[in-house]
Amino acid sequence: MWHRLAAFIIRFRILLLVSLTVLTIVFGFLATKVQLAYEFASAVPVDNPKYIAYQSFRKLFGEDGNTIVIGVQTDKFFEEAFFKDYLALTHQLEKVHGVENIMSVPTAINLIKDTTTDKLKAVKLLSDNQETDVAAFTSTFYNLPFCKGLLYNPESGTYLMALRMNKAIINSPARVGVVDDLTRICETFGKKHQVKVHFSGLPFIRTMMASKVQHEMKLFVLLSFALTAVILTIFFRSFMAVLASMLVVAAGVIWSVATMVIFNYKISLLTALIPPLIVVIGIPNCVYLLNKYHADYNQHGDKRKALLNMVDKMGIITLFTNLTAAIGFGVFFFTKSTLLKEFGAVAFVNIMALFVISIVFIPALFSLLPPPKSKHTNYLESKWITRLLQTLTTWVFGHRKWIYAATIVACIVSFAGILRLNSVGHIVDDLPKDENVYQDLKFFEKHFKGVMPLEIVIDTRKKNGATQLPTLEKMDQLSDYLKSYSEIGHPLSLVEGIKFARQAYYDGDSSSYGIPNVFDGAFIQPYLSGQQNAGNSQQKVFTSLLNSFMDSTRQKARISVGIADVGSKRLPEMLDSIRPFALQLFDSSKYDVTFTGTSIVFLEGSRFIISSLRDSLVLAFLMIFSCMIFLFRSWKVVLIALITNIVPLLITAGIMGWAGVPIKPSTVLVFSVALGITIDVTIRFLVSYGQELKHESSISGTVRKTIHETGLSIIYTSVILITGFGVFALSHFDGTKSLGYLTSLTLLLAMITNLTLQPALLVWMGKKSDMKTPEFLEEH
């Protein structure tokens, strides 16, 4: 079959090359339409209870993660020049497209009792047409407990401004321009007054991450191209060999981006890795094919025969190496995570597309080119490679016991390291620790305890139940309990608004900021039942504020808090201690208490991804080794392949444990990716071993010849893969860095085991059995 395919490719080479070119041009046009993902794709399946609870919350109360916070720390905030400029800054930001409203110190609202009507009125502390009296403003503002801990931290002199953003804008490409406008305006203010302006909030973090993803995808593709081109030039010393390889992976990159458009996917942190991965994974195809072509041509000098033999001998190897690599990625499609599904689907399709491109393009193109010159095939007789392979052969035949002993010791030490592995994830896990985005997040955690949304929904199971005094008292007790946690910020709920109203009822006395009793509750009740919606814009703002913390039937109420990014280990511990207290307050026979919000859903997604990746790794093992059984038809050979590929994964996991690298989505991803790629080297070695065994009378002679025949291409492709994945270590994102250096480490270990442990086991298998030709060889 492969011989006929080779003849077909060479016969119709012009047509095939033109077809590939036209298809790549069409895909190139489609690739220009790819879009960035500006919202966190759901990592949690839609049938997950926490996801369902969060969607129910959003339906009732709207988005919880659409606020950008801006903070400054200064002791001159209420100095006239600074305060007036800060007020002007607020008005400037209000005009930025996408900003719906701003909560800040200068725009703070006070509630006062109208002595004429004996009703409450909401008024701005600083009216638009009023001359700024900073001293009077300061006195009034500091008398509002509602704002303390919410808009300012008196202990550290830190002041916060919260910008509520339009949902449609923050989930579209337009938000990049919006964030740029906000930062530009604020930084101009900061430079004038020599204060650092800090930014955070999920919309801001998402925007900065999306922009970095786009930048890094371009950078990694360029670096991958450049590094592989340099390595190929050093290896082949042939311009056309390098150019052909670059054209193959360039077409693969274009097809991969076009596939995202065809599947209606957007570029996320994961799918952004696919184009550079295509470069790294596609090059070994070219190296294997060209290496075989050059080796055959070197033997007999017949170009056509060498090309036919290249496809005939390497077709099956290239198909299965691409298939196993594709399976390593493709198993993610069978998870319930949208993020992993998209990554798995695009990776699988395009790794298999790489096989088609390379198996067609390489023989078709080189059939049109002159045969290689001697300088282009000199690498086949590289002295340093020959010495290295001879050293490896010496170890395999003379020091097998040392190889076995070293492997066993490494596995024991690795098992001890694996026991030290710790699973933890954070919402901003991948943010670089030394960049402003991360530092600013820590700034808000330090001064306001955090900005990550956590929501607690109280369902009273009856209409207007949320506005009854017993419920309000219980909510107040729960809010007080939440304040006892150093990681939880100022709770905001219906209760805070009611306390504010009670303070106004007692002529602004801050000591009256508390829950109404049976006497003053009658005065507050009209505001709770929505009977005083009419009035000025500030009055409507206050009523709207109250309503935003209740559903339309006033059966359900929410408590919103900003928490620190405590991680997937600490958050469940906190919730496990908060939940019993909440259930003690709210009798489960009368109330339902639900904990939800972006923080919970995101960390649930992190936990789910880790679990899915573990399952995917098992599935990848089963599918890849099913392919091995089909290909080799020998359980002994498959067992050797299994051991050869498990050992590098075990050692990597052990090193992670000893080095304190946590288990998180990016680090678990390493094992499935590395397995799919390292098995390629094993297949290359074993197929060549099988082909050589037909012509050899002994296992030892076959192993010796296989090391020297495949060692060159295995080392070259491994160096390319290690270097290609090493590029990811330059990322700004810790997760991408981990993927880079851990995968490179695993590939290095796999190269060593494939050229030492595997041949040693094959020799041992040959000596322990009297078989001359393994079962799998009869097919080849």
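The model is predicted: local features need pLDDT of at least 70, side-chain atom pairs count only at pLDDT 80 or more, and totals for chains, interfaces and linings use all residues. Residues are numbered from 1 along each chain as its sequence is written, and side-chain values use heavy atoms, with hydrogens and water left out. Helices (H or I, at least four residues) and strands (E, at least two) are DSSP runs numbered from the N terminus.

**The sheet**

- Strands of a sheet pair through backbone hydrogen bonds, either parallel or antiparallel.
- Here four strands form an open sheet in the order β9-β10-β8-β11, and their pairing is antiparallel; two strands pair if DSSP finds at least two bridges between them.
- The edge strands, β9 (492–493) and β11 (592–596), each pair on one side only.
- β9 and strand β10 (residues 556–563) run antiparallel and are joined by two bridges.
- Ser493 has Ile559 of β10 as its bridge partner.

**Helices on the sheet**

- Helix α17 (residues 469–483) lies across β8 (452–459), β9 and β10, and runs at about 10 degrees to β10.
- Helix α21 (residues 567–585) also packs on the sheet, where it touches β8, β10 and β11; contact means heavy atoms within 4.5 Å.
- The direction of α21 makes about 165 degrees with that of β11.
- Axes are lines fitted to C-alpha atoms, for helices over the stretch in contact, and angles run from 0 to 180 degrees between N-to-C directions.

**Helix α22 and its partners**

- Two packed helices are described by the angle between their axes and the distance between the axes.
- The axes of α21 and helix α22 (residues 598–632) come within 10 Å and cross at roughly 130 degrees.
- α21 and α22 are therefore oblique to each other; angles under 35 degrees count as roughly parallel, over 145 as roughly antiparallel, 65 to 115 as roughly perpendicular and the rest as oblique.
- α21 passes α22 in a left-handed crossing, the term for a near helix turned anticlockwise from the far one by less than a right angle, with right-handed used if clockwise.
- Gly567, Ser568, Leu571 and Leu575 of α21 meet Ser599, Ile600 and Leu603 of α22.
- Helix α11 (residues 303–330) packs against α22 at an angle of about 165 degrees, with the axes 9 Å apart.
- α11 and α22 are therefore roughly antiparallel to each other, and their crossing is right-handed.
- Among the residues in this contact are Phe320 and Leu323 of α11 and Met623 and Phe630 of α22.
- The contact of α11 with α22 has 10 nonpolar, two polar and no charged residues; Ala, Val, Leu, Ile, Met, Phe, Trp, Tyr, Cys and Pro count as nonpolar, Asp, Glu, Lys and Arg as charged, and the others, Gly among them, as polar.

**Helices α14 and α25**

- Helix α14 (residues 383–398) and helix α25 (residues 699–726) have axes that come within 10 Å and cross at roughly 140 degrees.
- That angle makes α14 oblique to α25, and the crossing is right-handed.
- The contact includes Leu388 and Phe397 of α14 and Arg704 and Tyr716 of α25.
- By class, the contact of α14 with α25 has 10 nonpolar, five polar and one charged residue.

**Helix lengths and ends**

- Helix α9 (residues 239–262) has 24 residues and reaches 34 Å from its first C-alpha to its last, close to the 34 Å expected; the expected span is 1.5 Å times one less than the number of residues.
- Asn264, which follows α9, has a positive phi near 60 degrees.
- The 35 residues of α22 should span 51 Å, and its end C-alpha atoms are 49 Å apart, which agrees.
- Arg633 follows α22 and has a positive phi near 55 degrees.
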